[in-house]
Amino acid sequence: MNKDLIKYGLNNLWHRKKRSLLTVISIFIGIMAIFALISFGQGLSSYVKSISSEMGTDKIVMQPKGGFGNPTESAFQFNEEDVEFVKKVSGVSEATGMIVTSVQVQQDTAKKSRYVYAQGIPTEQSEQQLINELFATDLGSGRELKKGDTDKVAVGYGYSQPNTVFEKPIGLGDKLYINGKKVEVIGIYEPIGNPIDDMNIYFTSEAMVDFLGAEKEYATIFIRSSASEDPREVAKTVEEKFRKYKDQDEGKETFFVQTFEDLIASFSTILGILNTVLVLISLISVVVAAVNIMNTTYTSVLERTQEIGIMKAIGAQNRHILFVFVFEAGVLGIIGSAVGMFFGYLIAKAGGFFAASAGYSMLQPAFPLWLVLGCLVFGFFMGALSGLAPAYQASKQKPVEALRYE
Amino acid sequence: MIKDFIKLAWGNISHRKIRSWLTMIGIFIGIAAVVSLIALGQGLEKAVITQFNIAGTDVLTIQAQGTGQGPPGAGVVNHLTQDQLDKIDDVLGVDVAIGRIIQTGKLEYNDQLGFGFAASMPDGEARKAVHEILNLKAEKGRLLRDDDRYSVVLGNDFLDKTDFGKEITVGSKVLINDKSFTVVGFLEKKGSFTVDSAVLMNEEPLIEISNIPEGEYDIIVARVKNTDDIPKIKEDIERVLRKERNVKLGEEDFTVETPEGALKNLKKTLFAVQLFVYIIASISIVVGGIGIMNTMYTAVLERTKEIGIMKSIGASNRSIFTIFFIESGVLGLVGGIIGVLLGMGIAELLAALGSAALGDGFITTQFSPLLLFGALAFSFIIGTLAGLLPAMQASKMSPVDALNYTK
């Protein structure tokens with residue numbers, strides 16, 4: 001019986017091709033937008049997850065307060081003694097400071113300048129290891145910086161691309177001018193995924209001071225907690241000890257200490273909220289599509305009033321009639337979702353491609369299975385729910401009156 | 001004639017009440033969403049522009065190029081210097097050029113700590129000019145004078161502020177970067193965070209507490225004598241600075257921004273964000289349009305016999321087309337009217353909720369006539385566009401076939 005009803009429903013949809021097609025179109029547009037947006041949200045959160053798993057959970061950062069988005073601009077920076085102090089706090093297995101300063105970089109002293117951040121990489125083996133783990137990327141070509149590399153630098157991915165930092169791409173062994181001083185490029189990093197970080201220049205910590213004349217001050221202290229300790233507890237201990245060391249009162253600290261996990265978590269929460277807002281806005285179009293399905297179903301109930309009467313007269317029960325119309329509406333929903341996901345996939349892929357070519361390779365869509373299945377199920381239920389009221393009306397019709405309907 | 005058509009269209013629309021309502025609901029949901037989002041977006045834009053306090057129309061802003069993050073002067077390699085300031089001051093048409101230092105710092109009061117920006121005030125005539133350009137007035141106490149040393153004037157946000165546990169008043173001592181300063185006045189409220197949260201002090205003490213070399217500025221503002229000369233003065237300043245800073249044309253490591261330029265840049269950034277949201281919201285209007293098209297196809301199909309009869313008693317193709325065309329236009333327009341009203345309501349509601357949550361003034365609505373009439377026109381056009389194909393189909397029917405048609 002159900003098989004017959006399903007066949008009957010599908011036939012009806014096929015019979016009214018134009019109307020079914022338009023209804024499907026109205027659903028797929030909304031699903032397309034939602035699918036594309038969620039896939040970007042997913043891609044971003046899996047990027048964040050991959051970073052945190054790559055970095056490990058034992059990392060802690062310590063930064064001065066009041067930086068306002070620019071690492072060189074904090075009112076206070078840490079010094080050598082501060083780093084030494086933090087190293088000795090119990091639970092800390094490793095600590096290192098990073099010198100950051102902004103520099104002018106040119107390909108040729110007569111050519112266009114760019115202004116970027118220069119960062120100091122420690123040359124001590126274990127400290128360099130810690131920094132390398134914290135970077136979301138590896139050296140793509142060339143070698144790591146080592147002690148004595150005064151006029152040698154490693155550069156971000158952006159330099160190896162034409163028309164990104166400079167028109168002409170930079171290769172290993174090429175010369176750059178930093179604040180007018182000539183240096184040699186000995187390493188090029190893989191992309192970090194955003195244009196600012198990919199424009200970084202890396203010196204050794206010593207070269208930052210001796211060669212560039214930067215102050216031996218650190219905008220950030222990176223800490224590795226001991227394997228046996230809970231990083232959050234270590235972060236708390238460091239904060240407490242350092243506060244006492246600096247003779248500051250609780251609540252009046254000029255610095256903050258946070259595990260990397262928490263830092264990333266707060267970042268992805270913000271992204272999640274933004275993504276949710278966009279998805280909610282695109283849900284409006286799905287609501288409109290649901291209204292369209294309802295309308296289509298009302299129309300077909302009206303058109304088929306006599307048919308309903310005949311079916312009832314030869315023994316169809318209310319629930320059979322209800323099933324036919326709800327099923328029809330559900331099929332419209334599921335087809336619309338499938339088409340919408342297909343186009344949403346294309347749009348997300350195209351968007352990811354454009355983001356990558358603009359330097360934001362961290363913005364890549366992801367298509368988990370639950371998203372695909374979820375969209376199909378959502379489409380079916382949305383359709384079926386929209387068809388419920390008209391289908392109910394159809395099922396309640398009296399056979400005699402329905403047969404008489406003109 | 002056209003009056004009859006409209007009457008006919010209205011009759012048909014009200015005859016199929018459920019269908020017409022559902023069709024219009026489809027349109028007005030979309031219109032309401034777009035109207036409310038744009039109204040809030042424009043309100044937000046206005047609030048943001050006020051926040052950035054783009055100073056008078058007779059002021060050029062000069063900054064050295066840096067990494068572009070943070071406050072003016074942050075991440076700059078080659079700072080603007082006293083020499084450059086003097087040269088700009090000498091440019092023909094420049095009334096006065098003012099160098100300012102902007103530094104991040106901490107402010108301590110009642111054993112509580114806060115972080116923010118401190119900005120320097122120049123001496124003499126230039127001080128008067130800054131007061132005029134930014135229209136600074138003291139709400140309490142007084143503004144800074146040349147002979148002030150460890151005195152500060154605080155922005156209006158510090159008045160009645162409970163962040164420090166105790167109110168700061170004129171005469172209070174505050175610690176800025178661990179140095180004690182006396183508060184001599186509070187500024188009037190400006191509605192812009194750059195002024196309202198400012199800590200103003202004279203140049204000398206700021207250099208002293210923030211450990212920066214003397215004679216370097218983060219930002220230079222130049223007031224012109226005659227606003228008509230702004231483009232020429234901008235070019236002159238650029239030429240002078242190129243020479244002073246030893247850079248070639250097209251390779252400048254500084255920017256000279258006109259007031260219009262600053263406003264334009266800000267609006268451009270805001271627009272890009274708004275556009276993305278609007279496009280996503282507009283999708284629902286398109287979906288509503290498809291609903292109209294569907295309804296119109298159904299209407300044409302249902303009324304095939306009617307069309308046959310009308311044609312056989314002399315209706316032209318054009319008349320049939322007009323009947324259906326008007327019908328779909330009316331569906332769009334009425335949906336649009338309801339949508340605009342609903343959208344205004346939603347926007348006001350959201351603004352009220354937003355103000356309650358985030359404090360007064362930041363989230364407001366702006367209903368420009370362009371928005372309201374634009375939304376109505378748009379919904380009407382969507383309606384007519386959606387009706388175009390069904391109406392054409394109806395008008396092309398041959399009368400005999402139409403009369404013969406059975407469901």
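Tutor: Domain bounds here come from an automatic or database domain assignment. The model itself is predicted.

Student: Which domains does the assignment give for chain A?

Tutor: Chain A is assigned domain 1 (2-51 + 265-404), domain 2 (66-91 + 219-253) and domain 3 (100-214).

Student: How many Å apart are the C-alpha centres of domain 1 and domain 2 of chain A?

Tutor: Those of domain 1 of chain A and domain 2 of chain A are 52 Å apart.

Student: Turning to strands, what is the order in the open sheet of four strands in chain A?

Tutor: In chain A the order is S2-S10-S1-S11, and the pairing is antiparallel.

Student: Why is one side of S2 and of S11 in chain A left without a neighbour in the sheet?

Tutor: Strand S2 (92-98) and strand S11 (255-259) of chain A stand at the edges and have a single partner strand each, so one side of each has no neighbour in the sheet. From one strand to the next, the twist averages 20°.

Student: How many bridges join S1 to S11 in chain A?

Tutor: Strand S1 (residues 59-64) of chain A is joined to S11(A) by five bridges, and the two run antiparallel. Opposite A:Gln63 stands A:Phe256 in S11(A).

Student: Which strands does helix H6 of chain A lie across?

Tutor: Helix H6 (residues 231-245) of chain A lies across S1, S2, strand S10 (220-225) and S11 of chain A, and runs at about 165° to S11(A).

Student: And chain B: what is the strand order in its open sheet of four strands?

Tutor: The order in chain B is S3-S12-S1-S13, with antiparallel pairing. Strand S3 (94-100) and strand S13 (254-257) of chain B are the edge strands, each pairing on one side only. On average, neighbouring strands of this sheet are turned by 15° against each other, direction ignored.

Student: Which residue is the bridge partner of B:Leu60 in S12(B)?

Tutor: B:Leu60 has B:Ala222 as its bridge partner in S12(B). Four bridges pair strand S1 (residues 59-64) with strand S12 (residues 219-224) of chain B in the antiparallel sense.

Student: Back to chain A. Do S6 and S8 run parallel or antiparallel?

Tutor: Strand S6 (residues 152-155) of chain A and S8(A) run parallel, joined by four bridges. A:Ala154 has A:Gly187 of S8(A) opposite. By contrast, strand S5 (residues 139-142) and strand S8 (residues 181-189) of chain A pair in the antiparallel sense over three bridges, and the bridge partner of A:Leu139 in S8(A) is A:Tyr189.

Student: What do S7(A) and S8(A) form?

Tutor: They form a hairpin with two residues between them, and A:Asn179 in the turn has a positive phi of about 50°. Strand S7 (residues 175-178) of chain A runs antiparallel to S8(A), with four bridges joining the two.

Conventions:
Residues numbered from 1 in each chain as written. Chains lettered and ligands numbered in written order. Predicted model: local features only at pLDDT ≥ 70, side-chain atom pairs only at ≥ 80, totals over all residues. Pairing = 2+ DSSP bridges. Axes fitted to C-alpha atoms, helices over the stretch in contact; angles between N-to-C directions. Contact = placed C-beta atoms within 7 Å.
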